[in-house]
Amino acid sequence: MNILVVLIPVTLVLGAGGLWAFIWTVRNRHQYDDPKGHSMRILSNRYDDAPKQD
Amino acid sequence: MSGEAPSIAVCPACVAVPAHDPEVEKKEIDASDLRRIELSLPNVHCAACISNVERSLATLPEVYGARVNLTMKRVSATVLDRADVEDKVIAHLEQLGYPALPLDSASLEKTRNDAAGRDLLARMTVAGFAVMNVMMLSVAVWAGASDATRDLLHWVSALIALPTVVFSGMPFYKSAWGALKHRRLNMDVPISLALILASGVSLAETMEGGDHAYFDAALSLIFFLLLGRYLDYRTRAAARSAASELAALEVQKARRADGTVVPLDALREGDILLVAAGERVPADGVVTKGDSELDPSMLTGETLPQAVGVGTGVRAGMLNISGPIEIKAENLGEETLLKQITRLVETAETARNRYTSLAEKAAQIYAPVVHILSALTFFGWGMATGDWRLAVNIAAAVLIITCPCALGLAVPAVLAAASGRLFREGALLKDGVALERLAEIDTVVFDKTGTLTLGRPSVTNLGDISVTAQAVAAALARNSSHPLAQALGRAIDTPVANLSDITEHPGFGTQADFNGKRVRLGRAEWCGFSGALPEQTATWLQIGDAAPVVFLFQDQLRPEALETILALQDVGLGVQLLSGDVPQQVDAIADELGIKTRVARATPAEKVDHLNALADQGHKVLMVGDGLNDAAALAAAHVSISPASAVDASRTSADIIIIGNDLRQIPQSHRIAVAARRRILENFSIAAIYNMISIPIAVSGFATPLMAALAMSTSSIIVSLNAMRIGRMK
């Protein structure tokens, strides 16, 4: 069971990392503004022939 | 990337020519000349809608970018900063098949910076991560870790759990403290007690090397409860903000005769104000220049336009139809109709706040029961065995297990699902509790003008009029912007006569020359009619010196109105019609729809009295209305609905707003409300069953942290799944 001395800190670090990543994506507001729209845009064939010019 | 055309060929076999994208052709513009407008688009629902709207808007020269938000059903467009750009965009979208409503950018800004929501989200996610990690460590303990290993795992759990209990539990502690200070109990008191006690007891056990630690149970309690609160918060905030974001239809500014535009509060008694055709009168007053007709339907429900000339009194909110007028603002004090209605609304709203929701009723029973139970357990065990450490342990277990995370999710989960479902179908629910009230109704009272009817006139007597007259009238009508002329032009489909010398006389009508004869379309006296005016909206046509011919108009019923009334009557609801219009119009509409009880010429105060009388008889009433004269009634009813085309005051008073203006949303919303109420009660039963099983086990001392965690998680999941049934029904 001595491996726990390594595993538990690793778990904690990974867990904390995951929490930080979650808070970061939510803070960056634009990602979750329009989940339905983002999922639907994939289906449109507007930019099939040429990518958006800008 | 200098100016050469980019090659689009992805592979040699498919050399595709890029489609000519009109958006590229706009000239470079300074960013300060652009502004952003947001419009609500209730009818967008798919990928094709997104590309249609965005592509089509890009073809307009004033539009420099457009992006559709499908979740919120809006479009955000960057446009040139000119005065009428918004109207142009709206007209363009309407032609495309997507009715659009303007949104108020000031209130949109407020909802973007949502501090309270983010705070709740932060606490909830910290609790979520903590519970997952601690549960993982606990699994090891439940799987049989013992002695030093178990103690180590408990210590690590304590390390994660204790800071989280402090941080994420803050909302509960603050609320419980607030209630206790006022010597009251709310649901958060037993919850806070459970958390603090459980954490303390578990910490003590950990230090003593004991078997059971309830860290995971405490954390899952916090997590599920915060989840419920977050759902609740999000559905309320989204609906309320969306409701207030629909820009106010009422005039907030007025134009003085010297051309300056001032906000309404800056008006002084005696100011001369300009009201152009198509605008609403900004303040009560008297006409000083010009002749026109005013439409009072938003203010009083009457459909007959009033003719006004110099010296006639006008009221704020009336729509100027024919020609520009100047008015002198008077009576800016307390007795304007607007102020009266505001006072009525306030009185009605204070009466309404006395409803206790199902959640509150449940909490009233729950809190004392939980406390008593755990206190009894503590004393019982302590006195029976003399082992107070054991007694505290068991009491903490009882508190934690009895604490209802299922109950905390029972109502919010259902309301979130129901709100989402309603929004998808085109109805905005401003407050979840309104859905419970909607499920209880037994009578529906409708306003007439603008609610059951389109608020637009249409010709009724074309059959009696000669073809020549129709042809001449159509030709004259096409050259006028008066709403009656527009309706006439739309209705007549004989080929138009050939006219010359067409002139429009604002406030009177349109005149032209037809084969040498003077023809006029417009007001009665101007067209040579001198008899008694009919009780209906009408316009006259005079050809040469012949007797004037009258065109009669009636406000058209919404096409789905009959279907709606029948659907409501089918489920056993009584339907009544309450209107400010004249009895002839009210009777005509009521007969056509099969509504037996009807009231005409009702003032705003009389509408409220009628609703109060129904309430005294024990009826629970749903009020549907849109005009300013309905605002107080909407606030006084048990629950109220208004279409999105309603005035701002009515939209604010109503509980549910129908964005698509389709009356069939009303019976549909009622159906969803009844189903939601059933789900909430089912969820309460599930929570109750969970408690009935777990309390005896806990009180008798057999509960372990594993059982607690399993029971809480299972009940919460069952409750959430049950709530999601609303999204899938019918």
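**View 1. Three-stranded open sheet of chain B in a predicted model.** In chain B, three strands form an open sheet in the order 10-9-12, with antiparallel pairing. Strands are DSSP runs of E with at least two residues, helices are runs of H or I with at least four residues, and both are numbered from the N terminus. Two strands count as paired if DSSP finds at least two bridges between them. Strand 10 (306–308) and strand 12 (319–320) of chain B each have a single partner strand and stand at the edges, so one side of each has no neighbour in the sheet. Three bridges join strand 9 (residues 292–295) of chain B to strand 10 of chain B in the antiparallel sense. Within this pair, Ser292(B) is opposite Val308(B) of strand 10. The model is predicted: local features need pLDDT of at least 70, side-chain atom pairs count only at pLDDT 80 or more, and totals for chains, interfaces and linings use all residues. Residues are numbered from 1 along each chain as its sequence is written, chains are lettered from A and ligands numbered from 1 in the order in which they are written, and side-chain values use heavy atoms, with hydrogens and water left out.

**View 2. Six-stranded open sheet of chain B.** The strand order is 6-5-7-13-8-11, and the pairing is antiparallel. Strand 6 (261–263) and strand 11 (313–314) of chain B are the edge strands, each pairing on one side only. Strand 5 (residues 253–256) and strand 7 (residues 272–275) of chain B are antiparallel partners over two bridges. Arg255(B) has Leu274(B) in strand 7 of chain B as its bridge partner.

View 3. Arg315(B) sits in the loop between strand 11 and strand 12 of chain B. Its relative accessible area is 35%, which makes Arg315(B) partly exposed; buried means under 20%, exposed over 50%, and partly exposed in between (1.4 Å probe, protein chains only). Apart from neighbours within four places in sequence, Arg315(B) is in contact with Val281(B), Ala283(B), Asp284(B), Leu299(B), Thr300(B) and Leu337(B), where contact means heavy atoms within 4.5 Å. From C-alpha to C-alpha, Arg315(B) and Pro296(B) are 8.6 Å apart in space, and they are 19 residues apart in sequence.

**View 4. Helix 14 of chain B.** Helix 14 (residues 432–439) of chain B is mostly covered, with eight of its eight residues buried. Among them are Val433(B), Leu435(B), Glu436(B) and Arg437(B). Of the 730 residues of chain B, 50% count as buried.

**View 5. Interface of chain A and chain B.** The contact involves 28 residues of chain A and 33 residues of chain B. About 2600 Å² is buried between the two chains, 65% of it from carbon and sulfur atoms; buried area is the accessible area (1.4 Å probe) that two parts lose on being put together, summed over both. Arg41(A), Arg46(A) and Gln53(A) supply 25% of the area that chain A buries against chain B, more than any other three residues. The rule finds one salt bridge across the interface, defined as a side-chain nitrogen of Lys or Arg within 4 Å of a carboxyl oxygen of Asp or Glu. Arg41(A) forms a salt bridge with Glu54(B), and the closest N and O atoms are 2.9 Å apart. On the side of chain A that touches chain B, helix 1 (4–27) and helix 2 (35–41) of chain A are the elements that give two or more residues. Helix 1 of chain A gives the most, with 10 residues.
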